[in-house]
Amino acid sequence: MPLATSLTSTKAALLSFNGKINDGVVRFLNSSEDAKTLVPLLEIAGTRHIHEEYQRVAKLTGSSDASVSNAAFTALSGVA
């Protein structure tokens, strides 16, 4: 399975999961620098309203990677 398909499936599963995933998302969001990982994590953080990630998301709006920066700007309203 290609990585993009795997990440999309994983993101969909996490978004539909009814349990507590915030700690895991926070841990991975704070330790990752890879755009392929950060973009779906930012989408999850924004959708799941993980407010404790506001500072990290705000910082990532200044990313030199446009996909990360765009995802961070989109996620800001959800984590604010």
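Two residues are in contact here when they have heavy atoms within 4.5 Å of each other. Among the contacts in this chain between residues at least 6 apart in sequence, 62% join residues at least 24 apart. The structure is a predicted model, in which local features need pLDDT of at least 70 and side-chain atom pairs count only at pLDDT 80 or more, while totals for chains, interfaces and linings use all residues. Residues are numbered from 1 along each chain as its sequence is written, and side-chain values use heavy atoms, with hydrogens and water left out.

**Overall make-up and confidence**

The secondary structure comes to five helices and zero strands, with helices (H or I, at least four residues) and strands (E, at least two) taken as DSSP runs and numbered from the N terminus. Confidence is given as pLDDT, the predictor's own score for each residue on a scale from 0 to 100. The chain averages a pLDDT of 86, and 89% of the residues score at least 70. Confidence is lowest in helix 1, at a mean of 66, and highest in helix 5, at 97.

Burial is judged by relative accessible area with a 1.4 Å probe, counting protein chains only: buried means under 20%, exposed over 50%, and partly exposed in between. Buried residues make up 34% of the 80 residues in the chain. The chain exposes about 4900 Å², of which carbon and sulfur atoms supply 57%; these areas come from the Shrake-Rupley method with a 1.4 Å probe, and for residues only the protein chains shown count as cover.

**The nonpolar core**

A nonpolar core is a set of buried Ala, Val, Leu, Ile, Met, Phe, Trp, Tyr and Cys residues joined through side-chain atoms within 4.5 Å. The largest such core has 19 residues, and those with the most contacts inside it are Val25, Leu29, Leu42, Val57, Leu60 and Val68. Helix 2 (22-31), helix 3 (35-47), helix 4 (54-60) and helix 5 (66-79) each supply at least two residues of this core, and its largest share, seven residues, comes from helix 3. Leaving aside neighbours within four places in sequence, Val68 is in contact with Ala35, Leu38, Val39, Leu42, Leu60 and Ser63.

The buried residues of helix 2 are Val25, Val26 and Leu29. They cover an arc of only 100 degrees around the axis, which puts them on the same side of helix 2; the arc is that of the directions from the helix axis to the C-beta atoms. These buried residues pack against helix 3 and helix 4, whereas Asp23, Arg27 and Ser31 are exposed on the other side of helix 2.

Side chains of opposite charge can pair when their charged atoms come close. A salt bridge is counted when a side-chain nitrogen of Lys or Arg lies within 4 Å of a carboxyl oxygen of Asp or Glu, and by this rule the count comes to one. Glu33 forms a salt bridge with Arg56, the closest N and O atoms being 3.5 Å apart. Because Glu33 lies in the loop between helix 2 and helix 3 and Arg56 in helix 4, the pair ties together parts that are 23 residues apart in sequence. Glu33 is exposed, with a relative accessible area of 63%, whereas Arg56 is buried, at 12%.

Ser32 is found in the loop between helix 2 and helix 3, and is buried with a relative accessible area of 9%. Not counting residues up to four places away in sequence, Ser32 touches Thr37, Leu38 and Arg56.

**Further sites**

Leu14 lies in helix 1 (residues 3-16) and touches Ile21, Ile44 and Arg48, not counting residues up to four places away in sequence. His49 is found in the loop between helix 3 and helix 4; its phi is near 55 degrees, a positive value in a residue other than glycine. Thr74 has its place in helix 5.

| Residue | Relative accessibility | Class |
|---|---|---|
| Leu14 | 27% | partly exposed |
| His49 | 46% | partly exposed |
| Thr74 | 60% | exposed |

Two C-alpha separations complete the account. The C-alpha atoms of Leu14 and Ile44, 30 residues apart along the chain, are separated by 7.7 Å, while those of Thr74 and Thr47, 27 residues apart in sequence, are 9.7 Å apart in space.
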